[in-house]
Amino acid sequence: MLRYAAASMPTTRSLSFIAATLLAFPAGLVAAGLEEAAEYVSARQALGDGLPGVAGVKAERLLKNKGWTRVETRLLATFAAEAWTRAAEGSRVLALAEAYDLDDEPFWRGQGLALTGDLSAARKALAEDAPAQQHPRTRLLLAQILAALGENAEARNALAPLLKSGDAALKNHALLLQSEIDINEGKPASGLPARTEQENTATRFLRARALLQSGQIKPAQQMLQSVLGSPQGGERMHHAALLLQVESLLLQHQAAQAQEQLLKFLDATAESRLWVEAFDLLNRVHQEIPPPVSLPAGVLRWISAGNTAQQQPDPPPVLVAATAEFRGHAIYLTAQWLAAQQRDDEAVSLLEALIQLYPEHPRRSDAMQMAMELHASHHHDERVLALAAAWHQEYSDDSVPVDFAVGGIRFRRGETQQALQMFQNAANVATTLTERRRALFNAAVAAISASDFTLYQSLLGQLELISNAAVVGPESADSAATLELEKALVLAAGRKPEAEGALRAFLRTYPNHPRFADACIALTEWFLLAVPPRIQDARTALDNAGTAAGALTPVQQQRIHYTRLWLADAGGDLKGLVTTGAEFIKLWPKSTLLPEVRMKIASAYYRLEDFANARTEFEIIARDYPDTEQADTALYFAAMSATSVMSVEGRTRALEIWEDLAQKKSPLAVAARRQQALSERLQGNHAAALAVLDKVLAMKGLDPEQRLMTICDKAELLLLLGKTDPSSLDAAADLLDEFLANSTLPFMWKARAGFTLASVHHDAKHDTEALEACYNVLRAADLTPPTSPADYIWFSKAGFFGVDLLEASRQWEAAARLAEQIAQRPGDRATEARDRATKIRLEHFLWDGPAPTPPKVLKFDETPEKAATDKAGGKSLKKKVK
């Protein structure tokens, strides 16, 4: 019979669960000096928040500081050992035990050795304590290790004093372990308490095992149904109960039905920590079915694509890894079946595929050994020797357990696009140039985060081309009227509410004034800048300018025509803007407004993504008006247009233009250097891009915001270089650590740098440090909460990245709690975070508080429709069930 109970210790996986249980009885780690250290308080808070890895990192950093007393050092090191034990990081616990004196050191050394899978060494370390001096938790750990080693008599001796303990929780753990030892030995479970309605799922599960072992199958199945109907106990306990139900069918000689139910479970479970046990059970069940029997078709499908539950359109990295592991289990199971049918060549092919494709698979050791046996039976001596050498190198007695680290967590495309769409919408409906500029900037930041650099270039072009459209005409001879007009124009320039009334009053009072058209133009601009833009009113006001009593001056005619360009722009009629601009150039080829008109035309082409015509117009401005303020901007965007046509010539020319702008110290020198870096980055020349950013950082008088942005960009480039050069990851981490050491940083930069630092640590396979970086962003939000959309974007990125990391390491409780902390901050993703936390708690049976009404658990041969029909006395309730 399989052993699934959470209290057992047959594998290293069980040890991690046990360690967390034991630490329900920690020693009090309090010292006056430590309590005054903010970093220690933060570490304790992290441990309380269910983030032991973050607490461990913070504690180890504190240990490096000088000035602690001997007592404080001992307490701090013990706290770090506790944190790393909770995080199931055995090697780090052992490192602390070697470097520092710890309170109850044998206990922590034993925990570390057990977590690394070296149970024999753990037993030896724990036995160093004289029995009379052993802490109760040390005894309990020793008993668990002895039971895992099969030394049940010694385990019972270690448990004996604990069974009389006055600590109810400790005594309960001891009784459960004794009961499991009894069950494993085929004896009645002596330690199970009298049955109550309030007993926990672990007790009910052990009771079901005891009933099943004694042949009381029906009561055992009823007990298992109660475990499956509970929202508590954790996902692993529920999966174990499902497998034990299959065992009950097998005991009733219902192998075919057992196989059917087990296949359903495996096909409907995306992730499980009991896949090894489940596939082993499936192998046993399959062998019990009378011949002839064929391989289940579903298993063959699992080899190529995983199970049904894993088929998602855009699976997260965690699910991708789970699918790979599941396929490996299916490969190993099929190889077992083929070998049993004497189809050795096919079995060996599958085993070799498993060994090569899944180097970190839990069945890799078994697959290598089985492949060696099959190769040896066919005298494939060289392959047997090679496999043996590889196996000894990987699975020697001194080796640590195989690390199942999940690959890099990418940005969620959907979430990033939502942020990007939000800022684009804001830019489209902005009613003032200032608002539009801010919205375009935020949209460009979101585009960079989404690595959509083409869109980023378009947004940057719009951002740079925004300018003030107000033009003031000549004075009129009527001084009194002119004074009123000037007052109205000042009010309009300051966006004062009374400006519209003042302009309308002027137009009513002075319809024959020589500057009547000027007032109409000013009123048009007022309407264009309204919230939202009053396009029709602006069109009417501009048409009214042509009704002036006197003849319009050439300047006024030009201004009216020029304002029509802005009207077309505000109305989104870019093609109309190009046509109107061409007419202006034809009518007034010598106008002083010509550089601005050409800039409007070029901008329209650029936004229409007609980059060839945009480049032509920008180059004409740079060539024909080299001394104007538009010249450098036109040259800059000529280069932008050249790169957008995606030609080698265009990119080469763009790099030359940007270099010239930088060399002559143009006002756009910094922007040009940044575009150089961006262009090199888009081409995959990350080293060249990095060199350009170093030139930006070396510029004198660099704006503080630009410096912060450039440092973050540099860190991101080092992150990209780290894909092939691990030393770049170290450089990125050092750069960001120095960057974040500045306590005066605005929150947005703390959050962006913290998120990037988390990505760096993640790529360097330091997920605990990555989690700490995410956690620090959330704690920074406690002091300076996010106040802008950009603040919240990076806050939510760091927070959700932390949740992803916790889910990847199966720390479900901590993941739910972190998501709940994100939900406490108002923002666009607060509801998503709250839903994520609820989903984690429900899916992994971590409901806290009054349990919700559990769903009916169907019998093995029962469908929802059949259950509804039975309940209705034979009448179908199919629609209600659906």
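## Aromatic pairs

Tyr636 and Phe637 are both buried (under 20% relative accessible area, 1.4 Å probe, protein chains only). This is a predicted model: local features need pLDDT of at least 70, side-chain atom pairs count only at pLDDT 80 or more, and totals for chains, interfaces and linings use all residues. Residues are numbered from 1 along each chain as its sequence is written, and side-chain values use heavy atoms, leaving out hydrogens and water.

Rings of Phe, Tyr and Trp (its six-membered ring) pair if their centres lie within 6.5 Å; planes over 60 degrees apart count as edge-to-face. This rule gives 17 aromatic pairs. Tyr636 and Phe637 are edge-to-face because their ring planes stand at 80 degrees, with centres 4.9 Å apart. Phe107 and Trp108 also form an edge-to-face pair, at 4.8 Å centre to centre and 75 degrees between the planes. Phe107 and Trp108 are buried. Ring pairs join Tyr636 and Phe637 with Tyr606, Phe611, Phe618 and Trp658 in a cluster.

## Charges over rings

A charge sits over a ring if NZ of Lys or CZ of Arg is within 6 Å of the ring centre and within 35 degrees of the ring normal. Arg829 lies over the face of Phe800, 3.8 Å from the ring centre. The charged end of Lys797 sits over Phe755, 5.9 Å from the ring centre.

## Nonpolar cores

A nonpolar core is a set of buried Ala, Val, Leu, Ile, Met, Phe, Trp, Tyr and Cys residues joined through side-chain atoms within 4.5 Å. The largest has 117 residues; Leu51, Leu159, Phe739 and Trp749 touch the most other members. Apart from this core lies another, of 65 residues, including Phe527 and Tyr625.

Conventions. Phe/Tyr/Trp six-rings, centres within 6.5 Å; stacked < 30°, edge-to-face > 60°. Buried < 20%, exposed > 50% of the residue type's maximum accessible area, 1.4 Å probe, protein only.
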